[in-house]
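Have the model open while you go through them.

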Amino acid sequence: MEKDSDELKYLEGNYSDNQLKAVNELWEDEKQARELMDLEEYMKKYLHYVESKRDEHHYLVNDAILTCTCCTKEPKTPIDKEFTAPKGSDEVLLKVTKNQRYFNGAGQYFATVDDSKKIYNIEPFGNCDNPPDRDDEIRVLTMAGESEELRKLGTCRYLMKLNDKWENMISDIGYQEVEELNEAGIEGITMESILFCKHGGFIYPKTSGYIMTETTLTKEEEEFADKYGLTEEQRVALFDIRRYFEEYPELMETTTVFAFEGLGIKLADGEESEWNGTNTYHPDGQYGAIMIVTKEGVLSYAETKGSTLPDNMAQSAAVCEGIYRLVPIKHKNDDLDGYAAAQLRDFKDEGNQAIDAYNSLYGDDLARGVNLHMAGQIRSDAAIYSIACITVPVQVYRDFGVEVGFIKDLEENKNAGASGKYGTTKTELLYEDNINLDFRGCIVIDREYYEDSKGYLKYNGEKGAGSEE
């Protein structure tokens, strides 16, 4: 009976010289092949599912992370000796050797269907869940078992039998990085590709290995920037957010506000607006920061009118650049009209209100009780709304607070701030009714794009002296 071509690719072959034993091996081989054909259908459905959830679609490149459905780090005793698996051996890096011409912006070579050779392209994993079932496999494992060092490398290196080529299980529509590669007649591989091992495992990618460069926004970043009307200058903040995530991955586990001073909407010469008035201390306008909110690493919201600076920079402390915790708080705690806000705390100790500051009033280079709250219209003769605090204008404060999470999204506060009046908005966002006490998050203060032309951002005393107010 003629076998299906898909079934043939799953036949391990390599049968015994003993005819009776070979017949039994063939029977077992055909049975496993049918099981693997069913598993292939499951893998296709799984890959379709993860493809639909994936935000980015990249061809695999050098150093893509691979795993196998049969790899394990658990000890195995295929003969009379125990084989252990090296730490991290359930994942290996793909090495690209066939294509040395086409690469992405980070200089990574694109992988092809021919990058399928054991050792050269794919290091063996740790141990294999499938036991040896051929004479030569048992023979080589018996020999390796005599060496303690070889037993520490696992069984996969003695059992792995890779197919000649990777298979692209799903159409590569939406993959756009390697048009030249395809034109050259070389087939690339994607996150939906599989390489079959004839010992029974499906090798598939966990990551593409693709490194984004500072010259390319992802599709999702482009859509986010367009949605909030970010200028080319403001879009550089999205690259910086990537850098923060790489250096501080814990910021991807919570809600984080990225406040970039110097990237906010700037006033034209001689212009004054109801939200960004000039004064002695802010000749370019008070609200010069853009604030971008991420939730568990995903871009969520942007506000181009914010400030990380006090109203009177000559007399007030200013929070230093850095990362801080955010906790829910009542702004103006002793005020009956105190409203829902958030407070900056020490990044490593949420309970510590003392955070680094420039020009602190007490000469200890610390500020306490620094809140993220709303501010009204600023003019040279206006009341001071901010002493060291982080602020956004009245009109956008409610929506900003809801998006960050410290203000509840209530029907009764949906129009809070519409009047543009500070006093009115306070009563619309009273603490008791509007605060979300379950909120926890982080805020990043970044002033890379701000020019401190008057030298206000300087230490006033011995940094970290820590004297109390």
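1. A quick definition before we start: helices here are DSSP runs of H or I with at least four residues, numbered from the N terminus. Keep in mind too that this is a predicted model.

2. With that numbering, helix 9 is followed by Gly-405, whose phi is positive, near 125 degrees.

3. Buried here means under 20% relative accessible area. The buried set includes Arg-398 and Glu-403, along with Tyr-397, Phe-400 and Gly-401. Val-394, Val-396, Val-402 and Val-404 are on that list as well.

4. Now the chain overall. I count 11 helices and 18 strands in it, and 50% of its 469 residues come out as buried. Among contacts with a separation of 6 or more, 71% are between residues 24 or more positions apart. The accessible surface is about 23200 Å², with 47% of that belonging to carbon and sulfur atoms.

5. What is the lining of the largest cavity like by class? It has 10 nonpolar and 4 polar residues, with no charged ones. Strand 4 (127-128), helix 5 (156-159) and strand 7 (201-205) each supply at least two of the lining residues.

How values were computed
Residues numbered from 1 in each chain as written. Predicted model: local features only at pLDDT ≥ 70, side-chain atom pairs only at ≥ 80, totals over all residues. Heavy atoms only, no water. Buried < 20%, exposed > 50% of the residue type's maximum accessible area, 1.4 Å probe, protein only. Contact = heavy atoms within 4.5 Å. Areas by Shrake-Rupley, 256 points an atom, 1.4 Å probe, with all protein chains shown as cover. Nonpolar A, V, L, I, M, F, W, Y, C, P; charged D, E, K, R; others polar.
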